[in-house]
Amino acid sequence: MQGIESNAQLSLFEDDVVTSLGWDHATLALIPHVVAQRSNEQLTIQRQVSVDGRVRRVGVTLVPGAGQDLPSHTDGLVLLGLFQLAVHDGARPELTFKRTELLELLRWGDDGRVYRRLRDAMRRFTEMTIRIETALVARDGRPYAMSEAAAHIIEAYHIGDQYDAECRVVWGEVVKQGLL
């Protein structure tokens, strides 16, 4: 496997075909940010899978917002905590929670730095665009039936700096498809 560079295209499977029973946008979209190093440049990860007996190429490109970095490993922990709260809350399109609930899940204390960490993670997930490109692959290797979609992990949010503040996350389309 190649090293990951900014603006690089990483092929996880080169010419291999991975057999998959389904196609999960949320998994493809949410996992790649973990491999990204702190960078304000886009990252593309490509795979080739077999779905229902047909070979499909899938590319996921993470595009950071203007002046923002891609989400970090710590941001991923915040997202997992939010997912846990969402599942516990019935996996609805909008999550309302107390800031204390998230901090307890993350086992984080409460000081000014924590508010900034949460705020910055929310900003990165809201401003990052996830672009998903797919194509079926003909026997001669040419792509056809190509499509592209783009979405955000978090569409909107509100957090407060008080320990017991009421917070809200409106999930982006890519999460709604996988979570709800």
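Rings of Phe, Tyr and Trp (for Trp the six-membered ring) form a pair if their centres lie within 6.5 Å, and planes under 30 degrees apart count as stacked, over 60 as edge-to-face and the rest as tilted. The model is predicted, so local features need pLDDT of at least 70 and side-chain atom pairs count only at pLDDT 80 or more, while totals for chains, interfaces and linings use all residues. Residues are numbered from 1 along each chain as its sequence is written, and side-chain values use heavy atoms, with hydrogens and water left out.

Select Phe83 and Trp171 first: the ring centres are 5.3 Å apart and the planes stand at 45°, so this pair is tilted. Because Phe83 lies in helix α2 and Trp171 in strand β9 (residues 166-171), the pair ties together parts that are 88 residues apart in sequence. Helices (H or I, at least four residues) and strands (E, at least two) are DSSP runs, numbered from the N terminus. Both Phe83 and Trp171 are buried, a word that stands for under 20% relative accessible area with a 1.4 Å probe and protein chains only.

Next, select residues 73-88, which make up helix α2. This helix of 16 residues reaches 23 Å from its first C-alpha to its last, close to the 22 Å expected, where the expected span is 1.5 Å times one less than the number of residues. Among its buried residues are Asp75, Val78, Leu82 and Phe83. Just after α2, look at Gly90, which takes a positive phi of about 100°.

Now move to the open sheet, where three strands run in the order β5-β9-β8 with antiparallel pairing; two strands pair if DSSP finds at least two bridges between them. β5 (94-98) and β8 (154-158) stand at the edges with a single partner strand each, so one side of each is left without a neighbour in the sheet. β5 and β9 pair over five bridges, and Leu95 stands opposite Val169 in β9.

Finally, select Gln68 in the loop between β4 (54-63) and α2. Gln68 is buried, with a relative accessible area of 15%, and, not counting residues up to four places away in sequence, touches Ser39, Asn40, Arg123, Arg124 and Glu127.

How values were computed: Buried < 20%, exposed > 50% of the residue type's maximum accessible area, 1.4 Å probe, protein only. Contact = heavy atoms within 4.5 Å.
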